[in-house]
Amino acid sequence: MTCRVRNLALISAGLVSVSLLAFACKPADKPDEKAASANPFEQASTLPFQAPDFTKIKDSDFQPGIEEGMRRQIAEIDTIANQSAAPSFDNTIAAMEKSGRMLDRALSVFFALVQANTNPTLDKVQTEEAPRIAAHQDAIFLNAKLFQRVKTLYEKRDSLGLDPEALQVLKLYYDQFVHSGANLSAADQERLKEINKQDASLEAEFQQRLVAGTKAGALVVDDKAALAGLSDTEIANAAQAAKDRGMPGKYVIPLQNTTQQPLLTDLADRDTREKLFNSSWVRTEKGDKNDTRSIIQTLAVIRAEKAKLLGYPNYAAYVLYNQMAGTPEAVQKFIGALVAPTRAKAAEEARLIQEAIKKDGKDFQLEPWDWQRYAEKVRKERYDVDEAQLKPYFELNRVLRDGVFYAATQLYGITFKQRHDIPVYQPDVMVFEVFDKDGSSLGLMYFDYFKRDNKSGGAWMSNFVGQSKLLGTKPVIYNVANFTKPAPGQPALLTFDDVTTMFHEFGHALHGLFANQVYPMDSGTNVARDFVEFPSQFNEHWALYPDVLKHYAVNNETGAPIPQALVDKLRKSQTWGQGYALGELLAASELDMEWHMLKPGAPKPDVDAFEAQALKTTGTDFTDVPPRYRSSYFLHIWANGYASGYYAYQWTVMLDDDAYDWFEQHGGMTRENGQRFRDLILSKGHTEDYGPMFRAFYGKDPDIGPMLKDRGLVPQ
Ligand SMILES: [Zn+2]
């Protein structure tokens, strides 16, 4: 899956953990109280769980809320740094954890909206505030007096009598200060600040060009005949999309964020397929105002310079220091081990697809825009599974309540109740309260599932409110996706891929809901990128678990359960296409690594030439399997904090396949097994290192075996 978790730490380029943005505490200052009290982020929301009160939040509140929040946090930090009392954990670390509350409230809601429901006002705020937020983080982590206090505590950490979580949080702070440049000379710190500011501005600019380029890149079709193969609904959607864009009588196919486009499966006309594919491929490489290549060049170069300043050979090495994998070499070794079996599997798939093309009476050579259409034909022929046949069994509400929720109840004992009294930012958003096994409230969950033009592509999870015993907060979490919205009155019928996305994002949500930490710093999903996708991908496994599937996969019209034969075929069909699926992910992962292993001081590379060379040298230039994201629209690595981290999705597949293998060996879906996973993984946050955490659950280190088997890359 290419869904992603979102949290503030990731959004803010990994400079600062969510906890630092997540703090405020004593209203140390009383500026003009009137103006401040008019801002809805001034105080914690009085709604249940401190849920954001969208009836009170206006677009015009964000910028002043963020600015005032930063001002207050700096005042708080100064008080901590300049106090005369000798450093103690409470007056330094815990105090920092409590600071910045107003800023955290403003940013949590702001980031949610600018990603899921943006508009020109919010875009403008993002452009203006991104560099200021980066500078704000620098002001904290480059505060010499503050660092001195942290360092003093760190050096005598074993004699402070701290409990294990407090000790871990102290260590995380110390590492982050050093990683942020606290040990640098004043001149180097100044340069670092400039780079961080520039990076943040470029990231915001990249994201805006990409959203605009993706929207403008939609394929416009004049003639209905060119849409042959699409269903009546899909054609009606395309006509509506054209009307919405002021082109009545035409047809518009909007682009999704990946290289491949969903409708390529259905489009019978090869010219239309090629046009749609190319619209996707060049969306941000047209030499117009949405072209992102100059941004990428600069980002790669300044990130390399930053790594050098901080004593690392390249940016990837700098980023990976606190990840489970640890080094770029470990990452490339891991990917390298997957390349050969993937290439072989993709070549075998291409052979079968070429046969299908021939069988269809065509004599053309397979190209990337043909792949999905003919792969689907092979799937139908060999596995007889047709997405259209499946869709009636995957109605969104049913999948959510009787699938996603049901699995969580079976495994973890938790239950859900929809709440209509909590305000939402868009009418399609649904809110549920989540209850623990003993009936106590765990937190709130929001679901925003339908695609909109003002929503970034993909799917993600984050928090409106993070869990912390220190702050007395319970998790308020949202899942966002981009499913096709049905016509009014029609049910939302999903693909199995959509269903998997729902389970995936909810896996992140569980990681956030079961958080049980004192400090925001190590709470819930505030973990390494190459660990954070472990709970989400693990949760995907339950979508096909017999007891769960039977429970939710019921025909939307007839009420009949999904036929066993169809289930068997669906399960069997899961290994079909894995060569392509893994190939496009490995290619994207290597693009990410190569861009971020650029040597400091290297000249700005030509983007397209660099991309081709990167794929070639890493062996991920698979025939007809282009990267899932091209450099120029690779949002994860240029603007979403996943730089040098895209491999993490595959690394965590290793973890989740291994963990699921443990479940299968121990009786499958039981409350007992679920409780064990909850206790040893899902509720742990970052209170321990990841290697020991995994070993405590499984009793051994993770290995690649179950992953290769699961993917069908070795004989079953
Ligand atoms: Zn994810």
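Residues are numbered from 1 along each chain as its sequence is written. The pLDDT, which is the predictor's confidence in each residue from 0 to 100, averages 92 over the protein chain, and 95% of the residues score at least 70. Over residues 1-36, however, pLDDT stays under 50. For that segment the model has 120 contacts beyond four places in sequence, two residues being in contact if their C-beta atoms, placed from the backbone, lie within 7 Å. Where pLDDT is low, the predicted coordinates should not be read in detail.

The secondary structure of the protein chain consists of 29 helices and eight strands. Helices (H or I, at least four residues) and strands (E, at least two) are DSSP runs, numbered from the N terminus. The protein chain has a radius of gyration of 25 Å, close to the 27 Å that the globule rule gives for 716 residues, so it is as compact as a globular protein of that length. Here the radius is taken over C-alpha atoms, and the rule is 2.2 Å times the number of residues to the power 0.38. Along the principal axes, the C-alpha trace spans about 85 × 60 × 55 Å. Among contacts between residues at least 6 apart in sequence, 78% join residues at least 24 apart.

Of the 716 residues in the protein chain, 50% are buried. A residue is buried if 20 or more other C-beta atoms lie within 10 Å of its own, exposed if 12 or fewer, and partly exposed in between, with C-beta atoms placed from the backbone. In soluble globular proteins, nonpolar side chains tend to be buried together. A nonpolar core is accordingly defined as a set of buried Ala, Val, Leu, Ile, Met, Phe, Trp, Tyr and Cys residues joined through C-beta atoms within 7 Å. The largest such core holds 142 residues, of which Ala106, Phe110, Phe394 and Val399 touch the most other members. Helix α6 (residues 101-116) contributes the largest share of this core, 11 residues. Leaving aside residues up to four places away in sequence, Val399 touches Phe394, Val404, Leu494, Val499, Met502 and Tyr552. A second, separate core of 21 residues includes Ile77, Ile140, Phe147 and Tyr173.

Two packed helices are described by the angle between their axes and the distance between the axes. How do helices α15 and α16 cross, and at what angle? The axes of α15 (residues 328-359) and α16 (residues 368-383) come within 9 Å and cross at roughly 85°. Axes are lines fitted to C-alpha atoms, for helices over the stretch in contact, and angles run from 0 to 180 degrees between N-to-C directions. The two helices are therefore roughly perpendicular to each other, given that angles under 35 degrees count as roughly parallel, over 145 as roughly antiparallel, 65 to 115 as roughly perpendicular and the rest as oblique. On the α15 side, the contact is made by Glu349, Leu352, Ile353, Ala356 and Ile357; α16 supplies Asp370, Trp371, Tyr374, Ala375, Lys377 and Val378. Ala356 is buried, with 22 other C-beta atoms within 10 Å. Beyond four places in sequence, Ala356 touches Tyr374, Lys377 and Val378.

Lys469 lies in the loop between β7 (460-465) and β8 (476-483) and is partly exposed, with 15 other C-beta atoms within 10 Å. Lys469 touches Gln517 and Val518, not counting residues up to four places away in sequence. The C-alpha atoms of Lys469 and Gln517 are separated by 6.3 Å, although the residues are 48 apart along the chain. Lys417, in strand β4 (residues 415-418), counts as exposed with 10 C-beta neighbours inside 10 Å. With residues up to four places away excluded, Lys417 touches Phe432 and Glu433.

Most residues other than glycine have a negative phi, and most peptide bonds are trans. Gln50 is placed in the loop between α3 (33-38) and α4 (59-82) and, with 19 C-beta neighbours inside 10 Å, counts as partly exposed. Ser644, also not a glycine, has a positive phi of about 60°. Ser644 sits in the loop between α25 (635-639) and α26 (648-665), and its 28 C-beta neighbours inside 10 Å make it count as buried.

Terms used
This is a predicted model: local features need pLDDT of at least 70, side-chain atom pairs count only at pLDDT 80 or more; totals for chains, interfaces and linings use all residues.
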